[in-house]
Amino acid sequence: MMAADALREFLEPLLPGWRLQFGKWMDGTKTDRYAVIKPVGGLPAELIREPQFTLFLVGASNDAASAVADAADSIIEAMRTSSGALVWMQAGEPAFNNTDDGRPVFELAVSTITT
């Protein structure tokens, strides 16, 4: 299993009702919430790989920033207790931003280790 697949499987039950996407955010309706996993590289090695990702959480048009922040916090807490199918997983501190139309966005770095 690839690290990106393991990360997606880890996030799906944590974000019910969110649309999970990989690589690029493709906006649909403003009432949907999106979780976008983007690979950013990482350190390869012979036996251990350290793939890195960013996770964008984009709220719906009527979401308060706190709703998206709560989702980010729940992901971080889940990563502290389990790494799912990965050997190790850790999230960085979420950074807040907005879309052009004012929807709340939190971005966090995700470091993983896989064999």
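1. Let me start with D27, which is partly exposed because its relative accessible area is 34%; here buried means under 20% relative accessible area, exposed over 50%, and partly exposed in between (1.4 Å probe, protein chains only). Its side chain meets that of R103 in a salt bridge, at 2.6 Å from N to O. A salt bridge is counted when a side-chain nitrogen of Lys or Arg is within 4 Å of a carboxyl oxygen of Asp or Glu. D27 sits in the loop between β1 and β2, and R103 in the loop between β5 and β6, so this pair ties together parts that are 76 residues apart in sequence. R103 is buried, with a relative accessible area of 2%.

2. A word on the ground rules. This is a predicted model, in which local features need pLDDT of at least 70 and side-chain atom pairs count only at pLDDT 80 or more, while totals for chains, interfaces and linings use all residues. Residues are numbered from 1 along each chain as its sequence is written, and side-chain values use heavy atoms, with hydrogens and water left out. Helices (H or I, at least four residues) and strands (E, at least two) are DSSP runs, numbered from the N terminus.

3. Back to R103, which has a further partner: D101 forms a salt bridge with R103, the closest N and O atoms being 3.1 Å apart. D101 counts as partly exposed, at 40% relative accessibility. Together, D27, K30, D101 and R103 are linked in a network of salt bridges. The structure as a whole holds seven salt bridges.

4. Because E77 and R80 are three residues apart in helix α2, about one helical turn separates them. An α-helix has 3.6 residues a turn, so residues three or four places apart point the same way. E77 is partly exposed, with a relative accessible area of 43%, whereas R80 is exposed at 64%.

5. The buried residues of α2 are V68, A69, A71, A72, I75, I76, A78 and M79. They pack against α1 (3-11), β1 (18-22), β3 (50-58), β4 (88-91) and β6 (104-113). One of them, A78, counts as buried at 14% relative accessibility. Leaving aside neighbours within four places in sequence, A78 is in contact (heavy atoms within 4.5 Å) with F10 and L14. The C-alpha atoms of A78 and L11 are separated by 9.2 Å, although these residues are 67 apart along the chain.

6. Which residues have the most contacts inside the largest nonpolar core? They are L11, L15, L55 and L57, in a core of 28 residues. Such a core is a set of buried Ala, Val, Leu, Ile, Met, Phe, Trp, Tyr and Cys residues joined through side-chain atoms within 4.5 Å. Two or more residues each come from α1, β1, β2 (33-43), β3, α2, β4 and β6, and α2 gives the largest share, eight residues. Apart from this core lies another, of five residues, among them Y34, V36, F56 and V58.

7. L57 deserves a look of its own. Beyond its neighbours within four places in sequence, L57 is in contact with L15, W18, Y34, A35, V68, A71, A72, I75, P104, V105, F106 and L108.

8. Q21, in strand β1, counts as buried at 8% relative accessibility. Setting aside neighbours within four places in sequence, Q21 is in contact with R8, M26, Y34, A35, V36 and I37.

9. Finally, the aromatic rings. Rings of Phe, Tyr and Trp (its six-membered ring) pair if their centres lie within 6.5 Å, with planes under 30 degrees apart counted as stacked, over 60 as edge-to-face and the rest as tilted. By this rule the count comes to two aromatic pairs. One of them, F96 with F106, is tilted, at 5.2 Å centre to centre and 55 degrees between the planes. The pair links distant parts of the chain, with F96 in strand β5 (residues 95-98) and F106 in strand β6, 10 residues apart. F96 counts as partly exposed at 44% relative accessibility, whereas F106 is buried at 11%.
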